[in-house]
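Dear colleague,

Please find below the structure that I am handing over to you. My findings follow directly after it.

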Amino acid sequence: MPLIRFALATGALALLPLGGGVRADDAAPAPPAVEREVPGVVARGVTPHELPDDPTAFTTVIRTDAYAGEGKTAEQLLSEAVGVQVRRLGGPGQPAEISIRGSTARQVIVLLDGVQLNDAQSGTVDLSTIPADLLDRIEISRGGGSLQAGSGAIGGVVNLVTKRPGAEPLTRAAVEGGSFGTFQGSLTHSRRAGGVELTAGYDGFGTKGDYEFQRVQERVLGQTIAFSPKQLERINDEAESHASLLRVGRELGEHLHASFQNSAYYDSRGVPGLDSGNGPTGGQSEDAHERKTADVAAAVLDASDVAGADGALRVYDRFQRIHFTDPSSTCGALDSENENYALGTRGEVSREWQLGPSLHRLSAIGDVHEDRLTSTEFENRHRLASDWALQDELSVLERRVILAPALRYDLTEGFDGEWLPRIGAIVKPLPWLRIKGNAERSYRAPSFDELFFPDQCFLRGNPNLRPERARNFDAGVEAGFEHVFFLDDVRLGGDWFRQAIDDSIVFLLVSPNTVAAENTGPATVNGFELHASTRLLGWITLAANSTLFHAELDATGTPLPGRAEHETNVRLEIGPPSGLAKLVGTLQHTGDIPVTDTGLTKIPARTVFDASLTVDAKQLPWLGPRVPAQRLLVSLMGRNLTDRSVRDALFFPQPGRTVAIRAEAWF
Amino acid sequence: MRARARVGLLAAGVAWALGPGCSASGSGSGGGAPVVTVDSPDDRCVALPGQFPPGLALLPGVADRAVVVTDTPSTVVPFALDTTPPHVAATGRIPTFPADSDGDGVRDRFGPRPDGVEAIATDLALVTASFEEEVLFVDPASGALRRLEVAVPASLPPERFANLPSPGQSALRTAVSTLACVEPPAGAADSRGLPVATRFPPGSGCLAGVTSYRTRYTSGVALADGHLFVSMSNLGDDAGTANPQFLPGVVLVYDLDLTTAPPRATPHAANGVIFTSAFNPTQVTALHSAGGRDFVLVTDTGALGILQDDPSTPVIDSGGIALSDAAIDVIDAATLQLVATVPLGRALLSFDRLAIDPTKRVAFTGSAAGRNLYAIDLEPLDALPPLAAGDRPYRLDGSDARVGGADARIFDFGHPLPLPARIGGADPQSCPGFTVGTAFDAVGTKLFATDFCDGTLTTVGVDLSGSPPSPVPTSGRFGVLAQSNIVAPVGAGALGRPRGLGSIAVRPGRPGVDYTGPDVFVLVGTPEGLLCALRVDSF
């Protein structure tokens, strides 16, 4: 049950002229961190899981290079994006899950270069295991995304795009050390040579995670009641992870391009659990542990301008093994191993036609994949899913009016087929003004956990679950100005969204000793996103966004727990255009987070400040000539500077103030 | 290339040296504590710390005072019951249990997990707590722990109570340990039928040379005839499964002298450990009988598992399942013998205290696996002859010739008093009923019962007039009078509303005569823990 966090978007995007043929787009402001896509930026093969040129979705693209030196993790980058909240269940290396526009984590599909990372067992993705240093960019599509990604994309879709070679060979090395014995390092290399593209990279992370934290106090009965002891140390919080990336591509003549890529992950971490008990550890688990290995591989054949059409064919697989042990669980010793495996193929083709005054781009997609679960605690499970989609992007008046009707048919084994219609529209009445909107059906087939979790230790699945079905609507307006008095590159936007979800699936108490997955009836999320960005004096970039929504259960009008209904992000960046130095300050205000389904137990609102100072030693006159690198970024970073107690979930404490030092060299 | 390597090494060195070194002094501990607000969703109720408050007890001799024990965080909250909702009676800050909960100078190893509360005097309430395994002494006026003198007889083996003073010693403590090393009777078996000696062969337990184990899961406490009786469930391996192991249940006996200052608690030297006749003793209820004898009634629920879903059917099964027979054991508080047992079959009795009518004729309890009431006749207890040492307890089911075939069963598993299900209530497959709390009104003509699954309060008429024969005939003497929906039934439709009705207490006296205001008080488990005041005109 995710929270929602809304983000700050900065980006060169703000510099783009709105009237100049922006197609895939969005409403996220702020240079230079977040950019808006223009045709061709979503390169062939980069986002093959998307319908090509879906122009109407509210999207944000975060380029990791824009944050060079800031040492931000993927989850931090996401948490600063508009419409997104990240719910962290601990400090660095501990699970973190995403919410978009008030969704649950299961209602967001996360792709890695177009391959879905959500496994069929949990339906979620742990963002903490994704190393930002191996990513080129993060593409976020807010709102219903079932046309793009099928089952699960009720809240939105995130596509993580790994690093790609540029025109010149590039090697990057980064090392970082910080509070609580936390280290991170990465090494990547990319190049094009002899028609071959190569990207290889490694990222390692480790932390002792032994931070002290303040325990929750309850304001109840007219007074404040505290746990004893009031302060504890997070125990069993060590984490270690390693990730690798290998991508090889080659042009095959004028019209074809083939590539293969593999991403491998290993994570090992303690599972400290809740701090909700008494005694010297506050109920934290001293010896629960999780070890995960995962691999994502894909082979892609892209075709361009073959008989006037573009297309791609992809074969992919995803493997994940999680070994969990808890010798002293209240349910007895636990020792489980779950293997999730997915194998699929996907084809897509698109072609443009001019029909009278209108330009049409017709796209078709077909995808077939199978998920398998082999488990020591489950009965082995598998299911086949297939989908077919057709979209027409119709543009008239020199693309000032775009209509994109689409239809998708999804069939997940064990459930009825789902027809998923969608229509989106963009109207640009003036070069600097854009209005857009979408209406869509989306759905989510229950995960294996929700369906089949074995009846043990007070928790079980429910094989009678119905899929979640939703109707998504959004509309937004966006304006951009080169100058407004002394402000440059001014960008303003506002979006409205509504998600009406039938048959929400929630794990809840169904008997004195059983928590089970149940369809709990309709729920609705209504909200707004506001975002703005600007530059002034050439040295200062300011960006802000705010999201407000109300997520409620229709039957009672009570809020959906686990989501802050308000979050505001502000980012201030000061530094010369040369990149010699960069001082960045960010503010994130998160509203109250209801933790119960009545909404009457609430984690208090908080405001957290982060700051970083980055210097490019290569540009220092007295040192630069002696630095044998293109860039040498040395950064000092402080997070949660005012040392606030931060919790996204009631009994999962996060660290207070932390500091870190980072060095990053580009060769 | 070497220069690049130097740069890399230099950068790594800088990060390595400055990162942890500098950051150690710069990192914080989260500043001030996050203060979570908890409010009540119902005007009749007051929100409590944490969910599922484990216990509610009225203060003896005081008309409108009660204490509620909470779990996360662990507190004892004094309440005044004269308003709707009830309000806190303490004037100062309500304390949580300290890190050294028994006051022995050593920090707790696990910390206490409150299981229930019983107020035995206006100035002393007792909280049973698992994990740390102890009974805490609490001042019911403030909720603070108070010190009693805890002494250990010199005759006890030192292994008996590892967390108490050495035999022959005493100390001021805020709790008395219930972590006792006990030696089960020869041939004793666990709830799976396996000899305890197999699980704990001589030499492997806590007592040298014999089969022994440590008592766990402190559940109920009662004061009778100057003795403190503490039930120990002794749940063993595989908790939370379809077939957990229960070791033979135990009632520990302490002498409690309330006349000294401070009061003095002492494990009973001779008969300090009483093994129950059935598994999982979860509660003890004191009875000063109509005949003037002091008994302790022990609720043995029987071994309890979690009903496993049958995946071959489309129906989702869940709830508790009885793995062995239940019984109510009778301990003679004067002789400290288990003198009788009333077998009740696979009733899976509720974990709450028994409800005893004011005339001390009948005792009722609910069921953890259904919407049923069970009852025993207390009249035969007064007629129990002394039990010779070594004799097995009398069996009050009509089969024991030693007591003339006395039968104390009024409602048992084969013949329960069923309570009606709520229309539109909990899914009967998932939550077939859990009759948690039972309590009599002031004159004994109405019995109230709460149902966790349906969130209902059922009123049962009780007619004990005219000296009914023993056992009390069920026909015409007991009948459902009314049922009220107090909170939502558990299940999918309850999201966003209070649910999980729990323990109940009826305010002493006659509503409208002796007092105005609410007369029945119930605990609610989730999403917020609540204490709710109801006016049902219990008289």
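With 539 residues, chain B would have a radius of gyration near 24 Å if it were a compact globule, and its value of 25 Å agrees with this. The radius is taken over C-alpha atoms, and the globule rule is 2.2 Å times the number of residues to the power 0.38. Along the principal axes, the C-alpha atoms of chain B fill a box of roughly 105 × 60 × 60 Å.

Please note that this is a predicted model, in which local features need pLDDT of at least 70 and side-chain atom pairs count only at pLDDT 80 or more, while totals for chains, interfaces and linings use all residues. Residues are numbered from 1 along each chain as its sequence is written, and chains are lettered from A and ligands numbered from 1 in the order in which they are written.

Of its 539 residues, 60% are buried, that is, they have 20 or more other C-beta atoms within 10 Å of their own, against 12 or fewer for exposed residues and values in between for partly exposed ones, with C-beta atoms placed from the backbone. Among contacts in chain B between residues at least 6 apart in sequence, 59% join residues at least 24 apart; a contact requires C-beta atoms, placed from the backbone, within 7 Å.

The largest nonpolar core has 263 residues, and those with the most contacts inside it include Ala66(B), Phe229(B) and Phe521(B). Such a core is a set of buried Ala, Val, Leu, Ile, Met, Phe, Trp, Tyr and Cys residues joined through C-beta atoms within 7 Å. Strand S17 (residues 250–257) of chain B gives the largest share of this core, six residues. Leaving aside residues up to four places away in sequence, Phe521(B) touches, among others, Leu56(B), Ala66(B), Ile504(B) and Leu531(B).

As to the interface, 82 residues of chain B are in contact with 89 residues of chain A. On the side of chain B that touches chain A, the largest share, 15 residues, comes from H1(B). The residues of that side divide into 41 nonpolar, 28 polar and 13 charged. Strand pairing also links the chains: three bridges join strand S13 (residues 217–220) of chain A to S1(B), and the two run parallel. Here Glu218(A) stands opposite Val36(B). Strands count as paired if DSSP finds at least two bridges between them.

Within chain B, four strands form an open antiparallel sheet in the order S32-S33-S34-S35. Strands S32 (435–440) and S35 (478–485) stand at the edges with a single partner strand each, so one side of each is left without a neighbour in the sheet. Four bridges join S32(B) to strand S33 (residues 446–451) in the antiparallel sense, with Thr438(B) opposite Ala449(B).

In chain A, strand S34 (residues 581–590) pairs with strand S37 (residues 606–616) in the antiparallel sense over ten bridges, and Lys582(A) has Thr614(A) as its bridge partner. S37(A) also pairs with strand S38 (residues 631–639), antiparallel over six bridges. Finally, Ser186(A), in strand S10 (residues 182–193) of chain A, is buried, with 21 other C-beta atoms within 10 Å.

With kind regards

Note on methods
Contact = placed C-beta atoms within 7 Å. Nonpolar A, V, L, I, M, F, W, Y, C, P; charged D, E, K, R; others polar.
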